[in-house]
There are 4 protein chains.
Amino acid sequence: MIDAPTVSTDIDIEDDRIREECGVFGVFGVDNAASFAALGLHALQHRGQEACGIATSDGEIFHTERHLGLVGDNFTGDDPSERLPGHIAIGHNRYSTAGQHGLRDVQPLYSELNIGGFAIAHNGHITNAFTIKSALVEKGALFQSTSDTEVMIHLVARSSGKDLSDRFVSAIRQIDGGYAFVAMTKDCMIGARDRFGIRPLLLGRINHSYVLASESCAFDMVGAKFIREIDPGEVVVINEDGMRSFTAFPNAIKRPCIFEFVYFSRPDSIVSGKSVYEVRKRMGQRLAQETPADVDVIIPVPDSGVPAALGYSQETGIPFELGIIRNHYVGRTFIQPTQGMRDMGVRLKHSANRSMIEGKRVLLVDDSIVRGTTSTKIVRMIKAAGAKEVHFRSASPPIKFPDHYGIDMPSKDKLIASNYSLEEMRHMLEVDSLGFLSVEGLYWAMGEDMRNDDAPQYTDHCFTGDYPTPLIDRERELAGGGKQLSFLVEVA
Amino acid sequence: MIDAPTVSTDIDIEDDRIREECGVFGVFGVDNAASFAALGLHALQHRGQEACGIATSDGEIFHTERHLGLVGDNFTGDDPSERLPGHIAIGHNRYSTAGQHGLRDVQPLYSELNIGGFAIAHNGHITNAFTIKSALVEKGALFQSTSDTEVMIHLVARSSGKDLSDRFVSAIRQIDGGYAFVAMTKDCMIGARDRFGIRPLLLGRINHSYVLASESCAFDMVGAKFIREIDPGEVVVINEDGMRSFTAFPNAIKRPCIFEFVYFSRPDSIVSGKSVYEVRKRMGQRLAQETPADVDVIIPVPDSGVPAALGYSQETGIPFELGIIRNHYVGRTFIQPTQGMRDMGVRLKHSANRSMIEGKRVLLVDDSIVRGTTSTKIVRMIKAAGAKEVHFRSASPPIKFPDHYGIDMPSKDKLIASNYSLEEMRHMLEVDSLGFLSVEGLYWAMGEDMRNDDAPQYTDHCFTGDYPTPLIDRERELAGGGKQLSFLVEVA
Amino acid sequence: MIDAPTVSTDIDIEDDRIREECGVFGVFGVDNAASFAALGLHALQHRGQEACGIATSDGEIFHTERHLGLVGDNFTGDDPSERLPGHIAIGHNRYSTAGQHGLRDVQPLYSELNIGGFAIAHNGHITNAFTIKSALVEKGALFQSTSDTEVMIHLVARSSGKDLSDRFVSAIRQIDGGYAFVAMTKDCMIGARDRFGIRPLLLGRINHSYVLASESCAFDMVGAKFIREIDPGEVVVINEDGMRSFTAFPNAIKRPCIFEFVYFSRPDSIVSGKSVYEVRKRMGQRLAQETPADVDVIIPVPDSGVPAALGYSQETGIPFELGIIRNHYVGRTFIQPTQGMRDMGVRLKHSANRSMIEGKRVLLVDDSIVRGTTSTKIVRMIKAAGAKEVHFRSASPPIKFPDHYGIDMPSKDKLIASNYSLEEMRHMLEVDSLGFLSVEGLYWAMGEDMRNDDAPQYTDHCFTGDYPTPLIDRERELAGGGKQLSFLVEVA
Amino acid sequence: MIDAPTVSTDIDIEDDRIREECGVFGVFGVDNAASFAALGLHALQHRGQEACGIATSDGEIFHTERHLGLVGDNFTGDDPSERLPGHIAIGHNRYSTAGQHGLRDVQPLYSELNIGGFAIAHNGHITNAFTIKSALVEKGALFQSTSDTEVMIHLVARSSGKDLSDRFVSAIRQIDGGYAFVAMTKDCMIGARDRFGIRPLLLGRINHSYVLASESCAFDMVGAKFIREIDPGEVVVINEDGMRSFTAFPNAIKRPCIFEFVYFSRPDSIVSGKSVYEVRKRMGQRLAQETPADVDVIIPVPDSGVPAALGYSQETGIPFELGIIRNHYVGRTFIQPTQGMRDMGVRLKHSANRSMIEGKRVLLVDDSIVRGTTSTKIVRMIKAAGAKEVHFRSASPPIKFPDHYGIDMPSKDKLIASNYSLEEMRHMLEVDSLGFLSVEGLYWAMGEDMRNDDAPQYTDHCFTGDYPTPLIDRERELAGGGKQLSFLVEVA
């Protein structure tokens, strides 16, 4: 018997996810560098789908191409290295609020310095960018974008360092935050990571050529071999003589962002030497221990809840089933169905698999809960498909604090766990029970005995409020100092 | 340690799937019928992604819109019922070889009869269409498409029946094959199914309005309630006075196509009263009993192998893991990467999850094996990720015979199981063991005690060679009678 | 001093022109026939800009491509003969009300007959098409388009003639009206013209190959040599053995449409052996004699009024000046400026050349006056630019009767000269004097001594009401017989 | 008799024209400023068709939209002021070598200064831009474009002036060349012109609002009233308090570019108080006196040769005829026909009107001769159409020297008149006689008694070699100083 619900609205599970802002990629020393960059960016597509760009150098001339949309829609109908010749390439995927800034802010950014052309791509956020920018503009510097990345170009341009590596090191010593840079001049490639290693950056090789990428899955895509992570506070400069390493911050401490494991990285990536998929399964395993549930079936919220749900199932022996089916042929324009359709209660992207739900006690496992709005819609869909009970588990701890290092996240007042008790959340999600993994459990899943509260092994402020760096622009803004000088909206 | 393979070529798991040719949908008696049709077709998108079309009637004027591509790319940026007004709508999704016939063959087809305008959409294949067409052309009839569907319009047009239902019944009595039709005049909707019920067609209701669809998931999408299946050989005619049923073939026997369970239908659909997902899990369960494997991990070939792999895992207790990761952001143009990229060994759509594979004995479970070429590529990818052993299981029996009822499938000489022994296939797939579900096992998974060889419960000729109907055009072609009158290639 | 008017609305001089419905082209026996067809249609683009299509045959397979829009936007980025191979090609330009019928009605139309594939393109109108269609539909014939052209295909298909030429001759003997056909089978090309030669069709050669076209400028474009006009009522059949001619109507009389000279044909075309440009200049010369004006300057309404204005100027010695400037860079979307812009009184396509107008007595010369609405806007623009007096002359006689042979023209109640006296029109156009060429003057410009009222040398019913053929569908419609069987709107 | 030529290649008369680089427009104080800007730019479209852009301010936020292509294709399908709100707008049309620099160089350029956002658009060329840029980059300034315009932004940004007008005046005092600027901050609009008034800039009003434009035809388009020209060396600053005028160069001398009359300006524009159309007619009149021709017919090279040809005809009484017909429906892709088509000798854009040419002595009148290549093709087309003799006249003097003030012109070695004698040119053009207007004749046509060689009334270096300003970058380049720092090619 089929009886469809007609009251709920469409569920876009991606709508309430946290979003990474960027993926970066660089390659030095291959014939068709732009093709490598396109493939690497494609492998990193999950880190940003709004815009993508590549810049190359053939030793004399720079070429660049930047687009709104997916790598696979923009860079491979024809061989991109025909349009973008050169043996050096850097590339960037971006998540950004659609239509707000247009192509001006799509990276790599390029500028002419007195040492020649310079291009840069950035994952993360510079927490004192606006403060630096304000001071530079006072001196007559011109800014073309609203991107914090442009600050870095100005600092390099104005540095009195004797060569590029001096200048680059001098520049990043002036900035704070979580960041990974790949940059290039006409004959060298640069990689750099913040002093806590908050944002990831990896080094790999293809034969005698070097590759830089945000995640190891990009190396798999282009057939590169993983060498090592760029160290916190390290700057590497690669040219035809090989690679040199500079220490920008002697007292750097490794403290990578734990969200790479919880949500951002692809499950087949290896981050900080750990399989993301395995960590997520362990999160589900520990979740089962911490918050058991007396249910008939475990259903993951697709797709990122799957490993934790498998871990929960394997720990408890309760069957794992695909109770939510994803429509793979959504098409573009379905992203904005008309109001009339919304009112019809249509679910264009996901549907309940009634046969696994009807009459059963269901446990939903998701990687995290952000605002909670989508979770409620999912719960209602499961109930409408006939579940006897619905329980909910988050494979990460409650998200109580916003990020300031490049993660797109709602403000504190929108974070459900920041504003409500567990019982209030259970009531809002309309579930029979609700549970979160503990911070301790998360560290256990990471393979740590426990969190070292004096020197935490990971950047985990979203769960703990413990920010590793000062937040200068943020404090200035709270003190009434503004966030932006002028406002330009460029229509794409 | 990450060490990427550089020799294999790109794997498109969809490349070697069997493909359904169509999904159909119809609705009578709602204000914005085209919007219902767009949603219903979206839910049926898995049945055909090459083209889609909708025709409506507002009681006087017909409106139609047909496109190459997905429903979600063509029918929902704006409300389709604004462009296609009316309270009756029929729609069609099509799989077809891209670019061969252009829009001429995109359905619904429309023609003016002496009783007024008439539109029709069709899932399946008329096995004597060319024979009938040849005779009609001799008499001066004009054909606009290469579609067998158009034959049906001519038969209705030339029938001397006193009204539309008489004419339609008279027409389908002249055709053979496996088919489901939804058709419409300016004030009525028709549904019909072949005398074995080979192709599916279901009846549903939204309040007082009627809905027809190939699968129940389309009812879920539009909030319709499932009423019953259209009977084999039944013609239903729906107008503002309600629904009347006509029996076109008194001696009809129910024998639906078993491939709806094996591959075509969405897992959340209910077909012939059975949950597709559950049947597939039972196929995996029985497969485990029939062809056990001594392995460490069970990995489904995504996405259609998942339920059988879960069934196999639950039957054996061997862990189920996502060992193959799908890239959800493939983009359009990546469908045709340049040769240079292929040579780089890139895998744009799927990648191996090394942490679940390395050093392990792996069992791959897929829904079926058609040509075997993709299976071999997957096996190589799993081996390159470090598997100690690779075993392969097909959750359906060996496919030995081609279809002639609307399923797009390679010819007999391309079907691996039709040409090689089990051991030869094992060798070709480069696996340590290979196993298929038996035909008996398949019937068991369907809930039958056994196959009734005198009157099989399902159309299963692909496994057994037992075709339920004569194949007149096919015999004529084998006798040298040709397949087509003239040839027109329309550039889209 | 510049002082722009702000009250008038935008002037699109093309808006109030009469429009031809089609141009046709055919070529037999060249390697890349589609390229010839694309060029020929480009030269005939002035005869229809809404849609264009080409069909080719390579001796076995037909290829076709049909588009909305210009030839130059659709057929020449790449070599069209790569997509459309073959040594025979026919093509068609169409004027039609945008969006009403979609691609279904874009020609060439193609169908499979019992003698093989058949494609046809048509300029003109069959005045008994609906009557024939109604009878055929009663017998079960299927129509795919709303085009009268499709009737011709059915008549050929149903003919019992022994070969194609028999069938084609038999078919056109059943139809009435003004028409020129180019048609093709897989190995021959056909040309035919109605029994009065109302619509034009010319025969040319390129080396040993034959070409058919509506106007001689298409021959100039492809380097073909003009041979002769197809005779009224003649059917020519061209295949690899050469050309044969058939007489479909033994008593055919030559009476070509005089509007080809007044407006449709390109000024550099030779029609019926006469230079169109010269005829138009003679119209202006005679106009000066018949309706003199005491003015300072003669200004043509661009572009079709230019030759008559030059003729008027040369006859009188009054200076000819470009007083209206055309903007050549209008762009596509300017065709539909927003209402807000219209209210601003903008003139996107034309502007007044104030220095030639201010303080002067101006004579505007146009080729004809249809509804008069645009003429009034032009007059206002000239006055706003400071003219002391504005006089208006039409280089053709008053248009009092609608066409029924393929010319797109407003209905009788919209034709200003059909409803108002000369003085009323002068008042409506807001001019100081108004004059039209006489019918006698028009015949004089054509080089005739006088109109032969018993057997007029030209089809001139728009001026005289003297229609050469019966108007069967029109009479049937006036008697309440309807115009169409059913209605389908296809969204493009 | 029609006999088409088959040897000549396609003629694109525009191919060998001189090209202006820009048109600028600005408006302050209207509700929907972007709509005014779109219309104004449309009227100025003849000054640049490669790219267009608009920037607006609503008092707080800037909005901008920049495109490759025509205004009418980019700015008016929807009301541009909905996307670009604000009461201030500046806009720009650009001619540039297609695809070289991409959108980076499309104006208006925008930057954040310490006084807030600043946008600027520029017609002309700064002759010491590279020299200034090199010095600024040495100091760490960043450049985003290759445009000389960006130098102006840096000079304003770095000025220590107390307010915007001070800074702007200070900035332009550092630059040399021929230029007209329109610029804006969030609450004011600026207009400025070089100290010789080489490039044009006019001031107009709409009610109480101010308008700036390169030509008066833009005022006509938007219903604005012409007030006066901006003076040479004047800077005007317009805000809600009204307009203030600043004198940047006290010793400025008016010496506008004479090419505005010869070719650039629209014939209906008033430049320096003179009707462009009238000046061009006088050029033809004087040309007839200086270089008479014994011919039967005068044929203009369309479209810019028309007024001079009319002047020649009226002076001599020899008939003016349209002997070259322009195809108005060329379409986009025809711009690049395949080589196969070129070899066929097709003329897609123009054709000869044989009836006015055959057997006659023809005089062709064009506005100027640049390289002479197109002139030769036209002559051949006229001869192929049967002319008995062909004579050629240029309504401007021989072009012997390149421009350096923003006109896109071939280098000196490509200018035919710079390299060959009159008789050599006559031979190369294959004509029976050839004549140019004298410099004295040109000044007479302008209404001057004679050229004042000590202080020429117009900038006429292309004819005389007399450049009004130093050419610093040019000299530096000739001395080996380079033209550009680094090279970036942005793929659009």
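This is a predicted model: local features need pLDDT of at least 70, side-chain atom pairs count only at pLDDT 80 or more; totals for chains, interfaces and linings use all residues.
**Entry 1: conventions**

I take helices (H or I, at least four residues) and strands (E, at least two) as DSSP runs, numbered from the N terminus. Residues are numbered from 1 along each chain as its sequence is written, and chains are lettered from A and ligands numbered from 1 in the order in which they are written.

**Entry 2: chain A in outline**

I looked up the secondary structure of chain A and found 17 helices and 24 strands. Chain A has 492 residues, and 61% of them count as buried. A residue is buried if 20 or more other C-beta atoms lie within 10 Å of its own, exposed if 12 or fewer, and partly exposed in between, with C-beta atoms placed from the backbone. I then took the contacts in chain A between residues at least 6 apart in sequence, and 72% of these join residues at least 24 apart. Two residues are in contact if their C-beta atoms, placed from the backbone, lie within 7 Å.

**Entry 3: chains D and A**

Next I looked at where the two chains touch. Chain D gives 34 residues to the contact and chain A gives 34 residues. On the side of chain D that touches chain A, the elements that each supply at least two residues include β4 (61-68), β7 (116-126) and α5 (149-158). The most comes from β4(D), with five residues. I noted that 100% of the interface residues of chain D are also interface residues in chain A, so the copies meet through the same surface.

**Entry 4: nonpolar cores**

A nonpolar core is a set of buried Ala, Val, Leu, Ile, Met, Phe, Trp, Tyr and Cys residues joined through C-beta atoms within 7 Å. The largest has 171 residues, and Ile90(B) and Ile90(C) are among those with the most contacts inside it. A second, separate core has 170 residues, including Tyr210(A) and Val151(D).

Leaving aside neighbours within four places in sequence, Ile90(B) is in contact with residues including Phe25(B), Ala37(B), Pro108(B), Val182(B) and Met189(B).

Most residues other than glycine have a negative phi, and most peptide bonds are trans. I listed some exceptions.

The peptide bond from Gln107(B) to Pro108(B) is cis, with omega near 0°. Pro108(B) sits in the loop between β5 (88-94) and β6 (109-113) of chain B. The bond from Pro302(B) to Asp303(B) is also cis, with omega near -10°. Asp303(B) lies in the loop between β17 (297-300) and α10 (306-316) of chain B.

Glu430(C) is not a glycine, yet its phi is positive, about 65°. I place Glu430(C) in the loop between α14 (422-429) and β23 (433-436) of chain C. Glu430(C) counts as partly exposed because it has 13 C-beta neighbours inside 10 Å.

Asn207(D) is not a glycine either, and its phi is positive, about 50°. Asn207(D) belongs to the loop between β10 (202-206) and β11 (209-213) of chain D. Is Asn207(D) buried or exposed? Asn207(D) is exposed, with 9 other C-beta atoms within 10 Å.

**Entry 5: Arg199 of chain C**

I found Arg199(C) in the loop between β9 (189-193) and β10 (202-206) of chain C. Arg199(C) counts as buried because it has 28 C-beta neighbours inside 10 Å. Not counting residues up to four places away in sequence, Arg199(C) touches Asn123(C), Tyr179(C), Cys257(C) and Tyr405(C), among others. From Arg199(C) to Pro80(C) I read 119 residues in sequence and 28 Å in space, C-alpha to C-alpha.

**Entry 6: a helix pair in chain C**

Two packed helices are described by the angle between their axes and the distance between the axes. The axes are lines fitted to C-alpha atoms, for helices over the stretch in contact, and angles run from 0 to 180 degrees between N-to-C directions.

In chain C, the axes of α5 (residues 149-158) and α6 (residues 164-172) come within 8 Å and cross at roughly 130°. α5(C) and α6(C) are therefore oblique to each other. Angles under 35 degrees count as roughly parallel, over 145 as roughly antiparallel, 65 to 115 as roughly perpendicular and the rest as oblique. Met152(C), Leu155(C) and Val156(C) of α5(C) make the contact with Arg167(C), Phe168(C) and Ala171(C) of α6(C).
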